[in-house]
Amino acid sequence: MFPLWSRLGVRARVTVMFGLGALLLSVMMGGLSYFTTRHFLLDERQSASLHQAYVNASLVRSSLHSGDTHLDQLLASLDAGAGSVSVLYVHNTPFSSPLAATGDIPAGLRALVQSGTPATQTFVLGGPRIAVGVPIPSVHAVYFEVFDVSDLGHTLRVLALALIAAGAITTILGAAVGRSASGRSLRPLTGVSRAAVAIAGGRLDTRLPAVAGDPDLAGLTTSFNLMVDQLQERIEREARFTSDVSHELRSPLTTLSASLDVLEAHSDELSARAQRALVLLGADLRRFQRMVGDLLEISRSDTGSADVSLEEVEAGELVRQSVAASARSLPNDVVAPAVLVDQAVAGTWLTVDKRRFERIMANLLENAALYGGGATEVRAEIGPPLLDGSTSLRVSVEDHGPGLAPAERDKVFERFYRGDAAGRRGAGIGTGLGLALVAEHVRLNGGTVWVDETEGGGARFVIEFPVADEADWW
Ligand SMILES: Nc1ncnc2c1ncn2[C@@H]1O[C@H](COP(=O)(O)OP(=O)(O)OP(=O)(O)O)[C@@H](O)[C@H]1O
Ligand SMILES: [Mg+2]
């Protein structure tokens with residue numbers, strides 16, 4: 001019972017509690033009504049029987065006094081209810097109506113009445129019966145009358161059935177009231193849960209609407225909104241901090257870079273040791289500059305100040321141009337990938353920020369060159385319809401490198417995540433921001449990105465964008 005109870009939701013528990021409460025109440029009320037009615041009906045019938053038995057007993061006494069000897073006929077002529085039995089003992093000789101009914105008198109009652117005490121007894125003999133015994137000492141007789149009260153049993157059975165039916169209906173109604181009341185009181189929680197999901201999904205400006213007139217809910221709403229206010233403030237403060245730091249670092253880095261250019265221009269005047277130091281300094285400074293640039297870009301999107309300039313572009317052309325531009329900045333020994341634009345893509349238009357799309361392709365191609373021996377192909381094709389039914393364009397970048405283990409495939413999009421150095425060319429060079437930036441650029445363009453593997457086990461990065469419906473912009 002208890003493990004099952006703890007598995008039930010709040011709504012189900014309240015429903016069960018209301019149902020049980022209603023059942024308990026109906027059992028109590030029903031029991032009380034049944035026993036009170038039963039007591040009352042029996043009482044009433046008993047006093048009626050008593051009255052009639054005394055009337056009949058006095059008739060018998062008068063007849064005996066007047067010397068009537070046809071006692072069986074006398075008993076048959078008495079006024080008794082249907083099914084009732086009259087028994088008379090005169091000097092222990094029994095007379096009865098109907099005949100041979102003397103056995104209907106309980107022995108205990110007979111003994112008691114024969115000792116001179118009038119008495120009544122309720123008992124069951126093929127149905128409920130009330131027996132009344134009246135001594136008539138003046139003629140050495142005792143008179144008994146047994147009343148059939150089966151109709152009372154029937155009435156009580158009907159009453160019990162009616163009470164059980166009423167109890168069942170009350171229980172069902174109680175459970176229904178519990179279900180509807182719990183549903184109504186839990187409704188605000190659905191709002192809270194929806195708001196929490198929205199906040200977790202990044203919509204930090206989500207708030208619960210103010211509730212007027214309900215102090216319990218107003219308290220919940222106020223504290224929830226206060227919590228989100230503080231959370232939002234904290235997240236924005238941290239994002240601003242990263243943005244400010246990156247910004248502040250840019251000017252000294254520019255100065256350093258300019259000074260380095262001067263030194264590099266005069267490197268032949270330096271000693272061989274100093275030249276080696278200059279080369280190392282140059283590599284690290286450029287890496288640092290790139291990291292600061294990436295951080296600034298990421299923090300801009302965190303603070304919501306990223307500028308997204310969308311334009312309508314032909315998908316195939318966009319992919320070809322971006323790959324060509326990115327390939328130019330790759331080392332000379334890296335072979336440019338084949339660009340395969342599916343026929344169905346021809347004439348497909350995308351609404352994207354071109355600069356961001358180019359950065360996405362550049363980062364993916366650079367990674368393929370560093371960790372996968374160079375991208376082998378970039379493919380653009382129409383993907384399966386998106387959840388909202390719109391068409392999607394998929395662009396995938398494949399390489400023949402070692403690929404990514406399934407456990408690593410989500411992590412690579414985290415900030416500063418750098419994969420396992422073992423067996424990877426170029427490991428240790430990057431800062432781990434490249435794919436995090438790819439994810440941000442894709443998100444700002446309304447798309448999604450993921451990585452899986454090619455047939456040969458290499459990495460395949462896939463980006464998916466909704467396609468602008470032609471009717472929307474022509
Ligand atoms: N094509 C690939 N094949 C195998 N591993 C990859 C591939 N692309 C990325 N990775 C792994 O994912 C990690 C994260 O990549 P990401 O581009 O975010 O960072 P990075 O290349 O290390 O640094 P950055 O790009 O910021 O200079 C890499 O360190 C690498 O281990
Ligand atoms: Mg990278």
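**Layout of a predicted model**

In the protein, 64% of the contacts with a separation of 6 or more are between residues 24 or more positions apart; a contact means that two C-beta atoms, placed from the backbone, lie within 7 Å. This is a predicted model, in which local features need pLDDT of at least 70 and side-chain atom pairs count only at pLDDT 80 or more, while totals for chains, interfaces and linings use all residues. Residues are numbered from 1 along each chain as its sequence is written, and chains are lettered from A and ligands numbered from 1 in the order in which they are written.

The protein has 11 helices and 12 strands, taken as DSSP runs (H or I of at least four residues for helices, E of at least two for strands) and numbered from the N terminus. Its radius of gyration is 50 Å, well over the 23 Å that the globule rule gives for 474 residues, so the protein is more spread out than a compact globule. That radius is taken over C-alpha atoms, and the rule is 2.2 Å times the number of residues to the power 0.38. Along the principal axes, the C-alpha atoms fill a box of roughly 165 × 50 × 50 Å.

One open sheet has five strands in the order S2-S1-S5-S4-S3, with antiparallel pairing; strands pair if DSSP finds at least two bridges between them. Strands S2 (93-97) and S3 (119-124) stand at the edges with a single partner strand each, so one side of each has no neighbour in the sheet. Neighbouring strands here are turned by 20° against each other on average, direction ignored. Within the sheet, six bridges join S1 (residues 85-90) to S5 (residues 141-148), and Val-90 stands opposite Ala-141 in S5. Helix H4 (residues 107-114) lies across S3, S4 (128-136) and S5, at about 20° to S4; axes are lines fitted to C-alpha atoms, for helices over the stretch in contact, with angles from 0 to 180 degrees between N-to-C directions.

Val-449 stands opposite Ile-463 in S12. Five residues lie between the strands of this hairpin, where Gly-457 takes a positive phi near 95°.

Ligand 1 is surrounded by 21 residues, the closest being Asn-367, Gly-419, Gly-430, Gly-434 and Leu-435; a residue is near if its C-beta atom, placed from the backbone, lies within 6 Å. Helices H9 (354-371) and H10 (434-444) are the elements that give two or more residues to this shell, and H9 gives the most, with four.
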